[in-house]
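Let's walk through this structure together, one piece at a time. Keep the picture in view as you read.

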Amino acid sequence: MDKLVKLCQDVSLLWSKYWPMYMNGVKNTLVLALVATAIGCIIGLICGILNTIPYTRNDPLPKRFVLKLVRVIVRIYVEVFRGTPMVLQAVFIVYGLPYFTDNALRFDNTWVAAILIVSINTGAYMAESVRGGIISIDPGQTEGAKAIGMNHVQTMTSVILPQALRNIMPQIGNNFIINVKDTSVMFIISFTEFFAAHRYIVGVNNMYFPSAAIEMIGYLCMTLTASIILRLVEKLMDGSDNYELVQADALTMTAGTYTRRAGGTPNAALEEERRSRLRQALKNRNGSTRGDR
Amino acid sequence: MGEIILQVNHLSKSFGSHEVLRDIDFTVKKGDVTSIIGASGSGKSTLLRCINLLEIPSGGEVIFHGENVAGRHMDPCAYRSKVGMVFQSFNLFSNMTVLENCMVGQTKVLKKSYGTARENAMKYLERVGMAPYINAKPRQLSGGQKQRVAIARALAMEPEVLLFDEPTSALDPEMVGEVLEVMRGLAADGMTMLVVTHEMAFAKDVSNHVVFMAGGVICEQGSPADVFGNPQRQETKDFLARFRNN
């Protein structure tokens, strides 16, 4: 119990002294995660769409060759960036590029470097998520679209992508939350995000554990907020579960029970009489076509 | 009767080494209602999918108004917009409302204006009795309602031929009637239809041409009176006997 009290005291001491630094870290972390997730999603979307363009034996050879090549390139990109640690990618890009080009190519701005690295990383993950989202849509949807004469682009933009995007929303959220936490490795290129603030602060005093506690709480607050916002967005995308019947004319109240068109059956005359009585009855309600029930 | 709209010549289809369709020949004239019947696995649905080029035929021709549409390097989109299709599993676009389902083909493929497309969609939705449900999503409808919307979606493209792939097979028995009723109405109005079905009563009463398939070939075809009343082949007799017993 005393330990906990002590920790709380240390935390509040640290916070009161260094809060602008922590908050600056939070701001940088959030901006980096947000921008990089957005760019990563766009990269992933492009890769996923390119990867799922269908081709058959009947297509001309150049088209098949290009599509095949695109798939190979995307595959290599995904495997390389998904299969190596982001911290090493950062080292390779920020320190490796100047090393190989004798300082001709280098990143002077850590923001640009950080956004680039996190984006292409997220893009590699999202490419597979988008591909999964697209192939998870029932093939019947594609067939339905083809059957009314839509081409691939129309099918994708009107039918498949809206559904696929809804399905990969949780994945986008996942990636954003992972990015909030994983941007902490960007201290390696001296990007001052939330975790870098911690490293600096514990470097000038010896309160390592209280500062780590602040970090824990800070990260949890950021990710929880992100989760809640994401849930709300998903709910909005799903739309309402209710719908209104449109009472276009008096007879629509009987719609849904499609009855045989008059003529041809012994009941036809009866049926027609029943309908006209119903029509009359509905007309008499002060012009209102909506029933009382 | 009228002019020949669709002609299938020596059509064949194999999946790998498995031959599903062999040497299929038949003709559809304007206003014809053709029923394709046969046991499951006899290739009925594959034949219909080949006609709509959802499957690429391995050999033979599908001639639409004198032009072979099954050839290589042929863009099937324009052709498909003139040949409607209604599926067993409805295949309504689940991200759109009923009205949008019936409009999207008109605005995107036929490039009609929003107003015209909406008016047209409403006309056909009213005809199938689904006009009050224009704001509903497919997941909120019953099977029979979905299938009626699917028919309206196909009709809204104003196709010359309408293909039905077992339109009532996925429906509960009490919903089969409402869909068949719509189809009877279309037939009565002179719509050219090609119907793969297990509803023998429909094939017998509504169609004017019946194609009986067995083992990937057309076993027998002719008027309903001939095929149902006086079947020539043993396979046809066996198949029909099974339905009579039920």
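Start with Val31(A), which sits in helix 1 (residues 2–51) of chain A; helices here are DSSP runs of H or I with at least four residues, strands are runs of E with at least two, and both are numbered from the N terminus. This is a predicted model, where local features need pLDDT of at least 70 and side-chain atom pairs count only at pLDDT 80 or more, while totals for chains, interfaces and linings use all residues. Residues are numbered from 1 along each chain as written, chains are lettered from A and ligands numbered from 1 in the order written, and side-chain values use heavy atoms, leaving out hydrogens and water.

Val31(A) counts as partly exposed because its relative accessibility is 36% (between the cut-offs of under 20% for buried and over 50% for exposed, with a 1.4 Å probe and protein chains only).

Now hop over to chain B, where 4 strands make an open sheet in the order 2-1-4-5, with antiparallel pairing (two strands pair if DSSP finds at least two bridges between them). Strand 2 (18–29) and strand 5 (67–68) of chain B are at the edges with a single partner strand each, so one side of each has no neighbour in the sheet. Strand 1 (residues 4–15) of chain B is joined to strand 2 of chain B by 8 bridges, and the two run antiparallel. Look for Lys13(B): opposite it, in strand 2 of chain B, is Leu21(B).
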